[in-house]
Every structure is written in structure tokens, then in C-alpha cells.
Amino acid sequence: MNSKTLLGEFFRYTIPNVCGMIGLSCYIFADTLFVSRGLGADGLTALNLAIPIYSFVHGSGLMLGMGGATKYSILRGQKDDSSANRVFTNTIYLTAVSAIIFLFLGIFFPGSLTGFLGANRDVFDMTSTYIQFILLFAPAFMMNDVFLCFVRNDGAPRLAMTAMLIGSLSNIILDYIFIFPLQLGILGAVLATGFAPLISMGVLAKHRILGRNHFHLMKSEISPKMTASILSLGIPSLIAEVASGIVMIVFNIIILRLRGNIGVAAYGVVANLSLVITSIYTGIAQGIQPVISGSYGCGDNNSAKKIFQYAIITMLFLSSCLYLTFWICANPIAELFNSERNIRLQ
């Protein structure tokens, strides 16, 4: 593939995916903004204590989605459609099993998880509510992650972007409705977040309805070899999400001891902004994945290396812009989340 065509493919997949991942990251970011406005510092504290649970759920979904879709794309590049469909089927099986585990935790252990994460009595109930419903919506979050990855690898990156953005927009609208007019508090925030992936999957259904999908469920048992392949390809995505979740848990515990709830609330703003920024880099990585996987499947390693170079250059440029933006605008950004005009929080 010549350089001009390759650069066009890079932008065709990367730009929609970066936009979509920013939208996906806004699931929690929107909660942070509206909770800060509606529930103040205690609401921010509860939300930040609960967010690591979302990182584990989302990380598991990305692991299976990215791992399965990468293997699917390689097999499609090798013209092995039957094995590609077996990969999709096994990915759905694994996602269902993982989602059941999260559901079990949400039904029986939300209080234990809340205590483990360090919530005190001032924010215990709000934190427990958010954790429980995030876990109850785990099947929706994980299936949405999987379908987004497969649709993107099936030649429809713009549809994947549209689904993520519509899901995010619906989350913002529902956050406002549930938190302010309906006065549902933290429950409203988590319900808005939980409904968003359901709406996103409704948009993705267009791929199947119009008959454009090349992946199908088929009669197939779970293959240990295929499972190992899916997990090995997807484990970097899990590590990235889980690592951020673990860092947040440790920071929350330390900051609770140093500055109490107000400190965790302040850290929550920073942590949520970091999730949005990280999503940009995740978007670049996920955007180049279908092109690199297809090139690898066809034996075109030079194109794969060239795409990787484009990604590195893009990452460095965006990083420079982001550093400059936050250096200049840190104070007004913090004010957005400080509805109580709390000097300590600011």
C-alpha cells in the first residue's frame, strides 16, 4: 500500500475512534460534572471512590473486545471467515461469563466493596449505590465494548464513533434529567451511565439490520486455544484500565488520610480529566489496530510499521497541545466542578 493511501486509512480509522473514545470516556466525566453541581464535594468523593469498579468492568470488556476483534481482523485478512466467526462466538461466550461474575458481585457484595474502597459514613450510601448499579449494568458495558470493537474491525469505524458519541450525549442529557428535575441524586447519575451503552448498542444494530456485518454467531464450544489467543491479544487493554483503577484506589486511601473527603473530591476531578485525556491515546491505539491487524494478516509488515510511526507522531503533537492547554487553563477548569465555591477544593 502506498504512503498516501496508508495515511488516508490511518485518518479514516483514527479520527472517528479518537472522537468516539472521548465520547465513551464522558460516561463518567458527565457524572462528575453533574454530581459536582448537584451533590457538591460529598457527591464527588463518592463518585471517585466508586470509579475504580468501572475501570475493572470497562477493562474486562475492552480486553475481550480488542482481543477478539484483533484475532477476527487477522483471520479476515487471511480469508478464513469460518475461524473469524468462531472467534466472535467465543468472545461473546467469554463476555457473558465475565459479566455474570460482575453481576454476582453487584447483587451480593456492594457494601463489602464500598468498605474496601475506603468510604466513610458520610459518603458510604452514595458510594455503595453507584458501585452496585455499575456492576448490575456490567453486561451492557461489556457487550457494548465488544460490539464496538467488532463493528470497527468490520469496516465501519464511523458507525462505531457515532454509537459512542450518541451514547455519551444521551448520558449527558439523562444525567441532567435524573439529577436535577427528578432529584434522584447519585442514583440518577449511575442510571444515566448505565443506560448509555444500551443506547449505543441500539445504534450499532444498524450494522446488522442493513446486512453489512461479516461476523455471526455459530454453533461452537469454547475453545481453550482460541480463548488463550483472545486474552493474550486483549490483555494490554485490561492492564491499562485496571492499572488506572488500582492507582485511583491507592490514591483515594492515602488522600482520605491526609485531607479527608474534600481531598478525594479534588483528586476525583483530576482523575476524571485524566480518564478523558487517556481516552485520546486509547482512541489512537484502537484506531490503528484494524489497519495493522489487516496488514499483518496479509503479510504486509512495512505498512504496519508505517501506521505505527504515524500514531507516534500524532501522539506527540496532541500531547504538546494538551500540556499547554492545562498549564494555562487549570484554574477555570477546576472552577467548573466547584459549584459550592469551596476554597479548599479549588
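Let me start with A311, which is buried, at a relative accessible area of 6%. The cut-off for buried is under 20%, so A311 falls in that class. Keep in mind that this is a predicted model.

Where is A311 in the chain? It sits in helix α9, which covers residues 301-336. What does A311 touch, if we set aside the neighbours within four places in sequence? The contacts are F10, I284 and I288. Take I284 from that list: it lies 27 residues from A311 along the chain, and the two C-alpha atoms are 6.6 Å apart. As for I284 and I288 as a pair, both are in contact with A311.

Now to a pair of helices, α6 and α7. Helix α6 is residues 157-179, and helix α7 is residues 185-209. Their axes come within 7 Å and cross at roughly 155°. Angles over 145 degrees count as roughly antiparallel, so that is how α6 runs relative to α7. The crossing itself is right-handed. Which residues make up the contact of α6 with α7, by class? There are 16 nonpolar residues, nine polar and two charged.

Staying with α7, how far does the helix reach from its first C-alpha to its last? For 25 residues the span is 37 Å, which is close to the 36 Å expected at 1.5 Å a residue. Just after α7 comes G211, with a positive phi of about 70°.

To recap: A311 in α9 is buried, and α6 is roughly antiparallel to α7, with a right-handed crossing.

Conventions. Residues are numbered from 1 along each chain as its sequence is written. This is a predicted model: local features need pLDDT of at least 70, side-chain atom pairs count only at pLDDT 80 or more; totals for chains, interfaces and linings use all residues. Side-chain values use heavy atoms; hydrogens and water are left out. Axes are lines fitted to C-alpha atoms, for helices over the stretch in contact, and angles run from 0 to 180 degrees between N-to-C directions. Helices (H or I, at least four residues) and strands (E, at least two) are DSSP runs, numbered from the N terminus. Angles under 35 degrees count as roughly parallel, over 145 as roughly antiparallel, 65 to 115 as roughly perpendicular and the rest as oblique. A crossing is left-handed if the near helix is turned anticlockwise from the far one by less than a right angle, and right-handed if clockwise. Ala, Val, Leu, Ile, Met, Phe, Trp, Tyr, Cys and Pro count as nonpolar, Asp, Glu, Lys and Arg as charged, and the others, Gly among them, as polar. Buried means under 20% relative accessible area, exposed over 50%, partly exposed in between (1.4 Å probe, protein chains only). Contact means heavy atoms within 4.5 Å. The expected span of a helix is 1.5 Å times one less than its number of residues.
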